Amino acid sequence: MQKAFEFRVLGPISATVRGQTIPLTATRQKAALATLLLDAGRVVSVGRLAEAIWGGRLPRNPENQIAICISALRRAFSNAGAGAGLIETHAPGYLVRLDGHFLDIERAKELEAAARKALADEDHELAVDRFREAIGLWRGPVLAGLTSPALGPEVARWEEKRLVLAEECAESELRLGRDHELVSELTAFVAANPLRERPRRQLMLSLYRTGRQADALSLYQDTRKLLDRELGLEPGPEIRALHDAILKGTLRVTATESAPRRPERPGGGSSANDFRANRNGDDTEQDSGKAIRPPPQMLPAGTADFAGRDAETSALSAALTGDSDHGKLEVVAISGPGGIGKTALAITVAHRVGDRFPDGRLYVNLNGAELPPARPMQVLGVFLRELGVDNAILPDSLPQRAAMYRSALASRRILVVLDNAADETQVQHLLPGSGRSAALITSRTRLTGLDGAEHLELGLLPDHDVMTLLARVTGPERIGEDPAAARELVQCCGGLPLAVRIVSARLAARKHQRLSRFARRLTDEGRRLDEMKHGSLEVRASIALSYRSLSRDARRLFRRLALVEAPDFAAWVGAPLMGTSAVTAEDLMETLVDAQLVDVFGRDETGQVRYRLHDLVRLYARERAALEEKPADRNAAIVRMMGTWLALVEQAHERILGGNFAVIHGSGERWGLDRGLCDELIGEPSVWYEAERQSIVAAIHQAADHNLDEHCWDLAVSSISLFGTRSHYDEWRETHETALSAVRGALNMRGEAAVHTGLGDLYVTLHRYEEASEHLRQALAIFSTVNERHGYAVALRKAAYADSVVGNLSQAFAKYEEAKRILHDVGDRGAETHVVRWIGQLHLETGNFDQAEHHLTRAAEMSSDSQRSHAQAQYRLGELALARGETPQAEAVFTEVLRIVTEIRDRRGRGYALHGLGLAKVRQGDLSQAEVLLTEARIEAAEIGDHLIEIPTLLALAEYEQAMSRPEGALRYLREAESLSDRIHASLWLQRCRNRIAELRHLAAHK
């Protein structure tokens, strides 16, 4: 019986059955399924599917690739119990038939229709229920993780649908009088969608109905400014009419929700404002004719050109006024590096919420990043005087003064802004003691020691906000004259608001200067910090404040981090840079994080925290390194860092191959980390490689730049096993070409031969045998010249393999035998094992089964301590069993091989194992399982780009088609295999394909 499936696209695409997720591993499968589901019940052409999967970069045969993809989807659904007919083939493409299955977008349509019917019946309770149920179907951004431009319009349509449903729902809830519940929800919605007027009107109405008339009017003013700034428009008629009604007092509170009660004056009925003015009961002073002291208003003026930070502004405002989900918070702390805009944000928020603190706003710059910082005792004196306390009665001790301060705030609602705090100690006596007042703190350090505080870590401005700020200060027409130069300026600022303000101010002061000229000055890294200065604003000085507060060792690590040329790094990098332990380096790194000089970038695949320097901070660190570090010390740090990379890459190579073989090494000095840390980092070498791939490539370039040719070439060739395992051929080529230039410049002949060997290996893998042979010829010649026997044998084995693929079998056998003899003499048992296996494989391919068995069995015995090598030898023994007709034995061997290669994440090995197991299933008559395995093998081969897996898989699929009595299908696969073999010059495979085609035609002719 067919099971009912659940398909969801309103979020990450998923398919489940009875709570179990059906794995959709390949991106192309997800894109194909998404395209079909968005048009469920209708035929989707192959062309549309191709566009959704590949965009404008179509493969050579998209129809065939899509067929493979659809086959994989059908197999996944069939294995999960979907039965036949879920995905049907209909010219000119495919369709998904949803009979009996669930699709979230179809359910959303049903719920929307039900909600609108309820609205027509004026049943707003039911409408809200249906709207909310529909909105709940969204689990995140539509088709999250799929970036296909072809899916963009549908994604946008359904994202817009969610917003409309939310607005309709809010409208019904307003009709039901649920204003109090709606305020926080609408505040968040408006923050996330600032240009939508309808939710702003709804929020204004809710604010007014809950007694927050001033906030409603303030929101209107914010809306008017936003629309004018972003779109050049005035608010629409509905929101304007609401604004006018609030001003005129003609807006009626809904019948179902009463207006908020106002506090009454004891003994009378004066207004709330009158009550606040006399809250201390001090009628005597008023009666005697003395003026009442006005509330303190110490806030600096707001930044006129403040841009961006809409979400942060809304969140902080809500937290301080009680409009957030957590209620009102007494202490909110903003942290971030110098120049990130903490003060501008805090002052903007303080002005925005000012009317919610009618008893005043206190402000102080605590100078926490400078010496000397403000003393709490002095600050309290200033605050108390502002609050009306006479100098003559100010206590002389900090605890007594703090107690008086808290008492003065106890009956007031005051906002205290503590700007640029050094640490928790500096602010602890300046915080209000009651829940009526609130404190907003900014600091370069994370004030995590403040109990009950809400913390906001301020990040960089996104590029569009930077552009908005530039346009506001310099004029949009100036930006429009040269948008390319404007984008360069944005990039140079790196999202740092201080840098943006300086650049904007300089441009505004030099209206005659072309943007392109200033951009050229900023793109010169040697001048950039010099250019980032205007009046009292200076990026260099801002960073220097944080730098000067560090300990000597922390400053040294900061300077040396500028020597790291990778985009991000783990904490262990500090160990070789400092010449200390990894634990000490990590502690110092966290000190730099606390000082906001180093950013936490996230965690990598190994669980290590990743760090990085902002571009402008890196330039400052580089300046300090040049001024404060001796060249010899800088060079020594770089050598230690390269030595650590080399030690780690070597260990990763050993763990992947099961030993340090089939590679020669240079004389570059190693600098090892603690063994326990190494095990933690590269316990799974392929996972570690994925985390550090960019860093390894950067290290090879950096070694070349610093004339460390031995480190450079050794790093490149030692990384081949890492590049090859993940099929990262671009990185393989790039690093080897860099290393080749380095060793040639240093006249390093041994290194040059090693790099030629690596390039030969690459081009063999890419089936470009002429280029491979040329590199290997040069490697062999140079190794002979420098009398490097081990390197010669390593290169010779690859040359033999290239000969075997193109059909030069006698040369291949001769080279293999010579390589085996030398490798045995020099003690490289691992490489010798490979050669023995390849000799056995050649005997197998030429029909000499006894010699094949002898060599392959020997290779399996020799490789017992290396899972990867052992699996390779076992695979060939499985092929031998197939060739002898021992199919059950072959199936058992391939099953074990598949287990091993899956465990060690060897994708190439997995492709081979799937092919072998699929072919064994064909020959045993298990045809349904055979198709599944062979299709998966072909997908794996296509994704890693290995044609020497794809060709035999195509032949196996042809055999499957023959077993299914479909000779036309068999011929199609054989023709494809023939074309592919010819394209990569694989002579043996080409001959086999042509032989099989001839056999098939012979059978057809004699039927």
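The structure is a prediction, in which local features require a pLDDT of at least 70 and side-chain atom pairs count only at pLDDT 80 or more, whereas totals for chains, interfaces and linings use all residues. Residues are numbered from 1 along each chain as its sequence is written, and side-chain values use heavy atoms, with hydrogens and water left out.

The chain contains 47 helices and 17 strands, these elements being DSSP runs numbered from the N terminus (helices, H or I, at least four residues; strands, E, at least two). Taken along the principal axes, the box filled by the C-alpha atoms of the chain is roughly 120 × 80 × 55 Å. Of the 1007 residues in the chain, 54% are buried, where buried denotes under 20% relative accessible area, exposed over 50%, and partly exposed the range in between (1.4 Å probe, protein chains only). Among contacts in the chain with a separation of 6 or more, 67% involve residues 24 or more positions apart, a contact being defined by heavy atoms within 4.5 Å.

The largest nonpolar core comprises 206 residues, and Val539 and Trp688 have the most contacts inside it; such a core is a set of buried Ala, Val, Leu, Ile, Met, Phe, Trp, Tyr and Cys residues joined through side-chain atoms within 4.5 Å. Helix 29 (residues 631-657) gives the most to this core, contributing 11 residues. When neighbours within four places in sequence are set aside, the residues in contact with tryptophan 688 are Thr606, Trp645, Leu648, Val649, Ala652, Leu681, Ile682, Ile696 and Leu722. Another core, of 55 residues, lies apart from the largest one and has Phe5, Phe7, Ile22 and Ala32 among its members.

A total of 71 salt bridges is found in the structure, the criterion being a side-chain nitrogen of Lys or Arg within 4 Å of a carboxyl oxygen of Asp or Glu. Aspartate 39 is paired in this way with arginine 42, the closest N and O atoms being 2.7 Å apart, and also with arginine 48, for which the closest N and O atoms are 2.7 Å apart. Aspartate 39 is classed as buried because its relative accessible area is 16%, whereas arginine 48, at 39% relative accessibility, counts as partly exposed. A further salt bridge joins arginine 876 to glutamate 879, with the closest N and O atoms 2.8 Å apart. Both of these residues belong to helix 41 (residues 867-883), where arginine 876 and glutamate 879 are three residues apart, about one turn of the helix. In general, an α-helix has 3.6 residues a turn, so residues three or four places apart point the same way. Arginine 876 is itself buried, since its relative accessible area is 11%. Through shared partners, salt bridges also connect Glu112, Arg116, Lys161, Glu168, Glu171, Arg198, Arg201 and Glu238 into one network.

Helix 3 (residues 62-79) has 18 residues, which at 1.5 Å a residue should span 26 Å, in agreement with the 25 Å between its end C-alpha atoms; the expected span is 1.5 Å times one less than the number of residues in a helix. This helix is mostly covered, with 13 of its 18 residues buried, and is followed by glycine 81, whose phi is positive, near 100°.

Positive phi values also occur in residues other than glycine. Asparagine 707, with phi near 60°, is located in the loop between helix 31 (685-705) and helix 32 (709-718), and counts as exposed because its relative accessibility is 66%. Serine 965, with a positive phi of about 60°, is placed in the loop between helix 45 (947-963) and helix 46 (967-983); its relative accessible area of 60% makes serine 965 exposed.

Threonine 210, in the loop between helix 8 (197-209) and helix 9 (213-231), counts as buried at 10% relative accessibility. The side chain of threonine 210 reaches the backbone oxygen of serine 206 at 2.8 Å.

Zero disulfides were found in a search of the whole structure, the criterion being a pair of cysteine sulfur atoms within 2.5 Å. Cysteine 678 is buried, with a relative accessible area of 2%, and cysteine 993 is likewise buried, with a value of 0%.

Technical notes:
A polar contact is a pair of N or O atoms within 3.5 Å; within protein, one must be able to donate a hydrogen and the other to accept it, and residues adjacent in sequence count only if both atoms are side-chain atoms.
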